[in-house]
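Here is a short note for your first read of this model. Take the points in order, with the structure open beside you.

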Amino acid sequence: TPLLFNKPNRSNNLAEFMGIMMGDGGMSKYQISIVLHHVDDRKYGQYVAKLMKKLFCVMPTIRHIPNSSVNTYTISRTELVKYLRELGLVVGNKIKQQIDIPDWIKNDKHYCIECIRGLIDTDGSVVVHKYLSSGKYYTYKKLDFTSRSALLLRSVSGILTKLDIKNGVRKDNIRIEAQKDVKRYFSIVGSHNPKHIKRYN
């Protein structure tokens, strides 16, 4: 008999989880796993593990892989993989398959916000720029999101634009440059990754 897990209904938490999976997650036929940096994302990893437990009523197995400085958060359930495929995630290479945000998320503003938070908390970064002007140092923050899926970049950029957050798309990257837009991002979308919050503050 297949191992039990909870099949959650569509929700803000599930939309955020989908974003995390599209960012730093992956699926095989038998398991789902999320790979995070073991130092920089240690606290965020605790958040992710709790979210997985809350959604599926299964605590992920956490393994440290020293030679690549990461922790993996894994749940092994073939039925869970099937369920997440129905929701729009893919098994195997996400880039070859050019993943995109599923329609059930795109059609709901709240789900869009949650999903983007999950994506940018995993595949985004807060970049701090310093510059010298008439003998004084100034710093300002930019927000970067990287993906090699053109469809995903287009969707993320479109959602940010709808939220009135100006952004520019380059080859495999979205950047939010203007300070007011970075500020708007953090007030509307926000972050659950302490690394981003710390750099932003």
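1. Strands here are DSSP runs of E, at least two residues long, numbered from the N terminus. T74 is found in one of these runs, strand β4, which covers residues 70-76. Keep in mind that this is a predicted model.

2. Is T74 buried or exposed? The cut-off for buried is under 20% relative accessible area. T74 has 13%, so T74 is buried.

3. Which residues does T74 touch, leaving aside its neighbours within four places in sequence? T74 is in contact with Q31, I32, S33, P60 and T61.

4. Now turn to T122. This residue lies in helix α5, residues 109-123. T122 is buried, with a relative accessible area of 10%. Its side chain reaches the backbone oxygen of L119 at 2.9 Å. Leaving aside neighbours within four places in sequence, T122 is in contact with G19, I20, G23, D24, L36 and Y44.

5. Next, look at helix α3, residues 78-86. Here L80, V81, Y83 and L84 are buried. Seen down the axis of α3, the buried residues fall within an arc of 160°, so they line one face of the helix.

6. What do the buried residues of α3 pack against? Their partners are α1 (12-24), β1 (25-27), β2 (31-37), α2 (42-56) and β4. Strand β4 is also where T74 is found.

7. Finally, check what follows α3. G88 comes after this helix, and the phi of G88 is positive, near 120°.

Notes:
Residues numbered from 1 in each chain as written. Predicted model: local features only at pLDDT ≥ 70, side-chain atom pairs only at ≥ 80, totals over all residues. Heavy atoms only, no water. Helix = DSSP H or I, 4+ residues; strand = E, 2+ residues; numbered from the N terminus. Buried < 20%, exposed > 50% of the residue type's maximum accessible area, 1.4 Å probe, protein only. Contact = heavy atoms within 4.5 Å. Polar contact = N/O pair within 3.5 Å; in protein donor to acceptor, adjacent residues only side chain to side chain. Arc of directions from axis to C-beta.
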